[in-house]
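Let's go through a protein model together, one feature at a time. Have the sequence and the 3D view open while we talk.

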Amino acid sequence: MRRGLKVFAGAVALIPIVVLGLVFTMLRTELGAGWVLGFVEGRLPGLSYQESTGSLAGGLELVAVAYRQDGMAIGARSLRLAVSPEMFPWAIRMHVLEIEDLEVRLPPSTEDDAPTGLPPSLALPMEVVLERGVVNGLRVLDSDDGELVSAERLDLKARAHEDVVIEHAELVLAEGRVLARGEVGLENPFRARVETDIDYELALEDLTEPLRLTATGLVEGGVGAYELTVDGSAELQSIVMTAVGSVDLETTEVSGQVSWRDFNWPLDGDGEDSFR
């Protein structure tokens, strides 16, 4: 009896050692990274990549990454990430996420498309912390290869669990930049409150000075009731126009007020007006 108890106690004592060994293998070796990638591929059949090198903790790099599903296509020249687990409470900390030349091609939309029901929750089982995310080169295309967004870089710091908290997001364009911060819920109706700052310059033909646009924006609401509020100004040499308005993102209805000064035509000097 005593011998059996000793064997049982020894087996129990080995459990944390075995677990730690498995964790070390998964995080610190290419073999472990292969296990994790195989698990992910099994649940994302549209995912593919040309080759992988490194480990999850030391830095795992994937080359020629692609993902395709329901007419949408996502591709990147390379993806590199480094992660580590945390305990008490359980969390995944992503120290680095670097993506080179990310391209997103949206699926075609048709009038026959049936509306897809949203799941009740997209909450994660544990917190995921992204310390530093960088996308060098970003393009978003429609189904006809028309360019919707072209950015030089996207910087992101965020964490996600029951909601996504955007601590810092910066989209760097050739003509300016967009800053964002806020929260997006991961449970239906996915309530959001995201603040943005926009600084944009547009070169115009035959003019020596660019058109400069500056604005602050706020997206808030939930599914079926998202609204964008904008307070901005446009400056071109001595001409200044300011506007405050809101956009119902479900119906695309626009309303607000606009004022201007130093216009000659067609607004004739200074003035203000409302629009809807």
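Q: How do I read accessibility here: is Asp-101 buried, partly exposed or exposed?

A: Buried means under 20% relative accessible area, exposed means over 50%, and partly exposed lies in between (1.4 Å probe, protein chains only). Asp-101 has a relative accessible area of 41%, so it is partly exposed. Across the protein chain, 28% of the 276 residues count as buried.

Q: What should I know about where this model comes from?

A: This is a predicted model, where local features need pLDDT of at least 70, side-chain atom pairs count only at pLDDT 80 or more, and totals for chains, interfaces and linings use all residues. Residues are numbered from 1 along each chain as its sequence is written, and side-chain values use heavy atoms, with hydrogens and water left out.

Q: What does pLDDT tell me, and what is the average for the protein chain?

A: pLDDT is the predictor's confidence in each residue, on a scale from 0 to 100. The protein chain averages 79, and 76% of the residues score at least 70. Among its elements, strand 8 (residues 163–172) has the highest mean pLDDT, 96, while helix 1 (residues 2–28) has the lowest, 39. Over residues 1–25 the pLDDT is below 50, and this stretch has three contacts in the model beyond near neighbours in sequence. A contact means heavy atoms within 4.5 Å.

Q: How many helices and strands are there in the protein chain?

A: Helices (H or I, at least four residues) and strands (E, at least two) are DSSP runs, numbered from the N terminus. The protein chain has two helices and 15 strands.

Q: How do I read a salt bridge, and which residue pairs with Arg-77?

A: Side chains of opposite charge can pair when their charged atoms come close. The cut-off is a side-chain nitrogen of Lys or Arg within 4 Å of a carboxyl oxygen of Asp or Glu. The structure holds 19 salt bridges. In one of them, Arg-77 pairs with Asp-101, with the closest N and O atoms 2.8 Å apart. Arg-77 is in strand 4 and Asp-101 in strand 5, so the pair ties together parts that are 24 residues apart in sequence.

Q: Which residues are linked in a network of salt bridges?

A: Glu-103, Arg-105, Arg-139, Asp-145 and Glu-147 make up that network. Within it, the side chains of Arg-139 and Glu-147 meet at 3.0 Å, N to O. Arg-139 is partly exposed at 33% relative accessibility, and Glu-147 is partly exposed too, at 47%.

Q: What is a nonpolar core, and which residues in the largest one touch the most other members?

A: In soluble globular proteins, nonpolar side chains tend to be buried together. A nonpolar core is a set of buried Ala, Val, Leu, Ile, Met, Phe, Trp, Tyr and Cys residues joined through side-chain atoms within 4.5 Å. The largest one here has 22 residues, and Leu-79, Leu-81, Leu-97, Ile-99, Leu-102 and Leu-138 touch the most other members. Strand 3 (59–69), strand 4, strand 5 and strand 6 (127–141) each give two or more residues to this core. Strand 5 gives the most, with five. Not counting residues up to four places away in sequence, Leu-97 has several contacts, including Leu-79, Leu-81, Leu-130 and Val-134.

Q: Where is Trp-90, and is it buried or exposed?

A: Look in the loop between strand 4 (72–86) and strand 5 (91–105). Trp-90 has a relative accessible area of 54%, so it is exposed.

Q: Which residues does a cis peptide bond join?

A: Find Asn-188 and Pro-189: a cis peptide bond joins them, with omega about 20°. Pro-189 is in the loop between strand 9 (176–185) and strand 10 (192–202).
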